[in-house]
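Hello,

Here is the structure I promised to pass on to you. Have a look at it first, and then read on for what turned up in it.

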Amino acid sequence: NSSYDFVEGVQLDYGQFVLIYGNFTNILPANNNLFRINRWWNKWFTQHVSEVSSQNKHYSDCMYTEEYLFRWDRGIFWMGLMKINPTFLKRLLFGWMFDMESHHTIGRFKKDKRNEKRRVLADIGPPLSKLREVTEFNEKHVGVMPIWHLPFRLFRNTHHIFSCEAICDKNSDIIIDYGIYGIPKHRDGSKRIFDVVKLNREIEHFVHAVGGMKGFETVCYYTKQEYEKIFDVDKYEKLREKYHANARYPTLYEKIKYDF
């Protein structure tokens with residue numbers, strides 16, 4: 001629907017979905033709330049979505065554009081929920097630790113990688129037509145909740161080296177950024193026993209099998225051979241050689257691969 005400037009979805013739990021859509025406005029309507037996340041003690045957007053969805057009805061409010069664009073930073077999507085119950089007092093005391101910038105800064109200095117083997121962080125891009133299959137795959141084999149759904153349109157520029165348009169199903173115009181961030185659990189809430197490498201490779205193989213792609217925002221588990229088969233590595237290597245990058249910068253594969 002082209003009448004909306006923004007649209008996204010969140011699967012909060014099994015059978016519980018929220019559709020979020022919005023438009024730019026210069027006027028704050030009299031009957032709308034203004035939701036703020038500009039201070040670390042403010043309520044996290046994931047809390048706001050969960051509370052609103054519990055009412056099981058349409059709800060609307062306003063946010064400043066900059067705060068909306070970074071709406072998931074506070075609380076690191078819902079990853080902060082693994083560490084604290086974000087009451088006002090805990091947000092006031094510890095909220096400064098739970099934003100994207102602080103999280104990445106702490107991660108660079110932290111040598112203990114045990115957390116990386118307890119959770120799954122993956123951005124995959126299935127075609128919209130395969131969203132049901134991917135949802136069922138996650139519920140059956142992974143069990144991470146919530147799940148982020150962010151649609152984006154393909155423009156079929158096959159000249160781009162790492163173009164998802166060149167990789168994805170040729171009959172699809174919309175890809176869903178399906179964000180899997182969290183600890184795998186069973187439907188009853190108990191934790192799953194899983195191998196982080198095996199499970200992530202299953203996710204990658206599945207999304208390619210349904211005509212999708214894997215995003216590089218998170219760590220990838222491709223072997224070197226798989227990576228070179230999926231992407232136009234020859235063109236990439238020629239560009240690296242042309243601009244004298246080989247002696248200065250690691251390859252993209254070296255940056256994204258699983259390596260603890």
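Predicted model: local features only at pLDDT ≥ 70, side-chain atom pairs only at ≥ 80, totals over all residues.

Let me begin with the overall form. Along the principal axes, the C-alpha atoms fill a box of roughly 60 × 45 × 40 Å. You will find 10 helices and 8 strands in the chain.

Of the 260 residues, 42% count as buried. The accessible surface comes to about 16,000 Å², and carbon and sulfur atoms hold 54% of that. Among contacts with a separation of 6 or more, 71% are between residues 24 or more positions apart.

Now to the interior. In soluble globular proteins, nonpolar side chains tend to be buried together. Here the largest nonpolar core has 21 residues, and the ones that touch the most other members are Val10, Phe45, Trp72, Phe77, Trp78 and Trp148. E1, E2 and H1 each contribute at least two residues to this core. There is also a second, separate core of 20 residues, with Tyr14, Ile124, Ile176 and Tyr178 among them.

H1 deserves a moment of your time. This helix is mostly covered, with 7 of its 9 residues buried. Those buried residues are Phe45, Thr46, Gln47, His48, Val49, Val52 and Ser53. What do they pack against? Their partners are E1, E2, E4 and H3.

A pair of aromatic rings is described by the distance of the centres and the angle of the planes. The count comes to 16 aromatic pairs. One of them joins tyrosine 4 and tyrosine 21: the ring centres are 4.5 Å apart and the planes stand at 45°, so this pair is tilted. Because tyrosine 4 lies in the segment before strand E1 (6-13) and tyrosine 21 in strand E2 (residues 16-22), the pair ties together parts that are 17 residues apart in sequence.

Phenylalanine 77 counts as buried at 10% relative accessibility, and tryptophan 78 counts as buried at 3%. Ring pairs also link Phe35, Phe45, Trp72, Phe77, Trp78, Trp148 and Tyr181 into a cluster.

Phenylalanine 77 comes up again in other ways. Its place is in the loop between helix H2 (65-69) and helix H3 (88-94). Leaving aside residues up to four places away in sequence, phenylalanine 77 touches Thr46, Trp72, Met100, Trp148 and Tyr181. Its backbone is worth a look too: phi is positive, at about 55°, although the residue is not a glycine.

That brings me to the backbone in general. Most residues other than glycine have a negative phi, and most peptide bonds are trans. Asparagine 56 is another residue that is not a glycine and has a positive phi of about 55°. You can find asparagine 56 in the loop between helix H1 (45-53) and strand E4 (61-62), where it is exposed, with a relative accessible area of 70%. As for peptide bonds, the one from methionine 145 to proline 146 is cis, with omega near -5°. Proline 146 sits in the loop between helix H5 (131-142) and strand E6 (147-153).

Arginine 71 lies over the face of tyrosine 68, at 4.2 Å from the ring centre. Phenylalanine 155 is in the loop between E6 and helix H6 (164-167), and this residue is exposed, with a relative accessible area of 64%.

Enjoy exploring it, and do write back with any questions.

Best wishes

How values were computed. Residues numbered from 1 in each chain as written. Heavy atoms only, no water. Phe/Tyr/Trp six-rings, centres within 6.5 Å; stacked < 30°, edge-to-face > 60°. Helix = DSSP H or I, 4+ residues; strand = E, 2+ residues; numbered from the N terminus. Buried < 20%, exposed > 50% of the residue type's maximum accessible area, 1.4 Å probe, protein only. Lys NZ or Arg CZ within 6 Å of the ring centre and 35° of its normal. Contact = heavy atoms within 4.5 Å. Areas by Shrake-Rupley, 256 points an atom, 1.4 Å probe, with all protein chains shown as cover. Core = buried A, V, L, I, M, F, W, Y, C linked by side-chain atoms within 4.5 Å.
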